[in-house]
Each structure stands twice: as structure tokens, then as C-alpha cells.
Amino acid sequence: MSAAAATGLAGCAGGGQETQTTTTGTTTGGSGGDFDLDTFQGSGSLAENRPELSGTRIEDLPDLSGTLNIYLGGGEGGLYRNLLNRLRKIYPDFDPKVRSAPTAQLANTLVEEAKGGSTPADLFWAVDAGSLGYVADQGLTAKLPSRVTDPVPENFHPDDQWVGVAGRARAIPYNTNKLSAEDIPNKVAQFTESDALAGSMGWAPTYGAFQAFVTAMRILRGEQETKNWLRGMVNQKVTEYPDEFLTSNAVADGEISAGFANHYYVLRVISSRPDAPISLTFTNNDAASLVNVSGAQVLKSSNKQELATNFVAHLLTVEAQEFFATRAFSYPMIPGVPPVGGLPPIDELNPPEIDLRKLSNLEPTLRLMREVGVL
């Protein structure tokens with residue numbers, strides 16, 4: 001894929017058994033009886049005309065049975081709980097007990113509980129790799145077996161102490177009535193010098209995803225270059241928004257010509273406004289092309305190792321990956337399930353080489369952003 005190519009965002013669009021399925025196939029799931037892929041798929045134009053999908057299916061895995069204590073950090077506005085409810089219907093004997101809180105807060109809770117002697121958690125399901133890495137670095141996690149992690153790109157299961165289940169790419173949404181992909185530099189460092197972007201960009205500096213992007217820039221380029229870039233964007237008269245969904249809507253409304261956002265916010269705009277003049281593009285091998293993931297890890301102290309590992313395997317089935325793709329508009333982690341909306345496959349993106357675990361070190365980033373005056 002070219003460095004800053006448009007994605008073609010039209011307003012539409014293991015066991016030993018055979019693993020290929022289609023979007024209309026019906027399967028039989030464990031003790032819960034019949035279910036079909038339609039119960040996992042989203043609706044609307046972005047979920048239409050899906051190709052044949054391949055990978056491990058739920059029917060290929062052992063039943064989920066028993067109580068599992070899940071610490072759920074984030075959860076995409078309730079979508080992850082919706083997925084859990086679908087699994088409950090398939091497996092009546094499966095009883096996931098969920099504790100929800102912000103991801104970083106739960107990561108700290110796990111570490112504090114472990115220092116106190118034990119944690120009730122069997123599994124940590126978090127919306128960012130930094131928190132997963134932090135918990136793993138404290139020696140609290142069990143190694144996941146290769147049968148679970150092998151289908152996922154290696155950089156999304158480092159040391160197999162956690163595995164990514166859904167991805168999100170940093171992107172540049174732009175208004176197609178005002179700009180083309182060629183107007184947007186393929187390096188974020190050049191944004192501060194771009195006449196086409198002067199006075200016409202938006203960002204959300206208080207938003208966690210943006211702060212992770214700045215953290216990546218700080219790690220990759222150093223504090224001084226990151227400060228200079230932030231000051232340069234302020235001099236470009238960038239407009240501030242509370243979050244990246246509002247930033248993306250402002251692009252579609254023509255309030256601004258372009259912005260910074262995770263890719264799926266653009267897809268959410270298109271899903272609700274198919275004719276909106278918005279598309280997205282990616283920079284090339286820098287912080288603005290960062291790919292982060294939500295993921296899961298099994299706690300070493302859990303006495304439910306087999307059940308927890310089987311649950312993680314369920315998150316990487318065709319059904320769950322199609323749920324993430326068509327409902328959350330996330331990047332699937334397995335090759336047999338493509339992203340929606342004409343996005344390039346995740347292995348065609350060109351993100352920077354960075355240890356995602358380091359993104360948990362947020363405090364130097366916040367200090368830097370305060371010094372520049374963007375917080």
C-alpha cells in the first residue's frame with residue numbers, strides 16, 4: 001500500500017474440522033444448541049456483502065463451562081458485554097463474572113491485589129496493549145499456548161503473555177470535498193509545514209487514544225522533537241475537540257478539513273451517514289500510523305487456567321472476529337476475517353516498530369503536553 005493511500009471507504013461497504021464458513025452458515029454450538037453467524041454480525045451497509053470467512057469456529061472448540069472472573073478494562077461502550085451475552089446463550093453452563101473499570105485502573109488493581117497475596121481475577125481483557133504489558137511485566141500472567149496465538153501476527157502476542165483480539169489503527173480522516181489523500185503528507189512530522197492543512201485540522205488532546213499517539217511519538221522521536229511538533233500544530237491553529245468521534249464528525253460536516261482519529265471513528269460516521277464526504281488515509285511508519293490492540297491475558301494465579309485459555313481462543317474464532325469487525329469496526333486479528341469498509345488488511349499497513357507495552361508509560365507524555373500548553 002502506498003504511504004498515504006486512501007482506503008476506498010465507500011458508504012457501504014483450531015480444531016481438526018473444516019474451518020471455512022460463510023456469513024450465512026449455521027453451526028451447532030456446544031451445549032447451547034444451534035446458532036449462526038448472523039447473531040454475531042452487525043447490520044447496515046458496512047456489514048453487507050461480506051466474503052467467505054475462514055479460521056477456527058466456535059464449534060471447533062471445547063464448550064465453555066463454569067464460572068470465570070473477568071476484569072474488563074473499557075469494553076467499547078458495552079459491545080464486549082454484548083459478545084459475552086452471545087456466548088452465554090451458546091453455553092448455558094458458562095457464567096462469566098465481569099468487573100469493569102477503566103483499563104489502566106484495573107491493571108493497577110490487579111498489581112495491588114497480587115501484592116496483597118491474591119486476586120480473584122482469572123482473566124484480564126483490556127482495550128489497550130500498554131495495560132496488558134504492564135500486568136505481564138509484573139510477572140502475573142500465564143503463557144498462552146501456540147494453538148491460541150499462532151493465527152495472530154507476532155507483534156500482537158509478544159512473549160505470549162497476552163494476545164490481541166481486535167485492532168485499531170491511527171488514521172487521518174479528511175473531508176473529500178476539501179482535500180484528497182494526496183494533499184496529506186505521508187509523514188506526520190510534515191503536518192506542521194503543510195499549507196493545505198494550516199488552520200483546517202482537528203485533534204482531541206484530552207482523549208486517551210491521542211495521548212497514546214503522542215506517547216508513541218515521544219518513544220520514537222524523543223521529547224524535544226515531540227514538543228516541537230505539538231507547538232508546530234498549535235501554530236497551525238489546530239482545533240480542539242473532546243473526543244475523536246466528534247473530531248471525525250467535524251471533518252464530515254466541513255468544520256475542519258482533516259483530523260487525527262482511530263480508524264473506526266470514521267467508519268462509525270459512515271455507518272450512520274453513508275453519504276458523508278469523509279474518507280481516511282494513513283501515514284507511513286511513524287506515530288500517526290500506530291496500530292494498537294485490545295487483548296486478553298490469563299492470570300497465573302487463576303485455578304481456571306483451562307477455561308480462561310479456552311475463552312481467549314473463543315475471542316479469536318471466526319464468529320467473534322466478525323463481531324469485532326462488523327459491530328466495533330475494529331481490525332480483526334486473524335487473516336481469514338477481513339476488515340470492513342474497504343480498509344487495507346492489517347498486514348498491509350505500515351506502522352512503526354514499537355513495543356506496545358511501553359505505551360503504558362503515560363505520565364511523561366502528560367507532563368510534556370502540559371508544558372506545551374495543549375492540556
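Close-up 1. Glu-371 counts as partly exposed, at 46% relative accessibility (buried means under 20% relative accessible area, exposed over 50%, and partly exposed in between, with a 1.4 Å probe and protein chains only). Lys-227, in contrast, is buried, with a relative accessible area of 15%. Lys-227 and Glu-371 form a salt bridge, and their closest N and O atoms are 2.6 Å apart. Lys-227 belongs to helix 6 and Glu-371 to helix 11, so this pair ties together parts that are 144 residues apart in sequence. A salt bridge here is a side-chain nitrogen of Lys or Arg within 4 Å of a carboxyl oxygen of Asp or Glu. By this rule the count comes to 11 salt bridges.

A word on what you are looking at: this is a predicted model, where local features need pLDDT of at least 70 and side-chain atom pairs count only at pLDDT 80 or more, while totals for chains, interfaces and linings use all residues. Residues are numbered from 1 along each chain as its sequence is written, and side-chain values use heavy atoms, with hydrogens and water left out.

**Close-up 2. Helix 6 crossing helix 11.** The axes of helix 6 (residues 223-235) and helix 11 (residues 363-372) come within 10 Å and cross at roughly 45 degrees. Helices (H or I, at least four residues) are DSSP runs numbered from the N terminus; axes are lines fitted to C-alpha atoms over the stretch in contact, with angles from 0 to 180 degrees between N-to-C directions. Helix 6 and helix 11 are therefore oblique to each other (under 35 degrees is roughly parallel, over 145 roughly antiparallel, 65 to 115 roughly perpendicular, and the rest oblique).

**Close-up 3. Where the two helices touch.** Contact means heavy atoms within 4.5 Å. From helix 6, Glu-223, Thr-226, Lys-227, Leu-230 and Arg-231 meet Pro-364, Arg-367, Leu-368, Met-369, Glu-371 and Val-372 of helix 11.

**Close-up 4. Arg-57 with Glu-59.** Here the side chains of Glu-59 and Arg-57 meet in a salt bridge, at 1.8 Å from N to O. Arg-57 is buried, with a relative accessible area of 12%, whereas Glu-59 is partly exposed at 22%.

**Close-up 5. Asp-95 with Lys-97.** The side chains of Asp-95 and Lys-97 also join in a salt bridge, at 3.2 Å from N to O. Asp-95 is partly exposed, with a relative accessible area of 28%, and Lys-97 counts as partly exposed too, at 44% relative accessibility.
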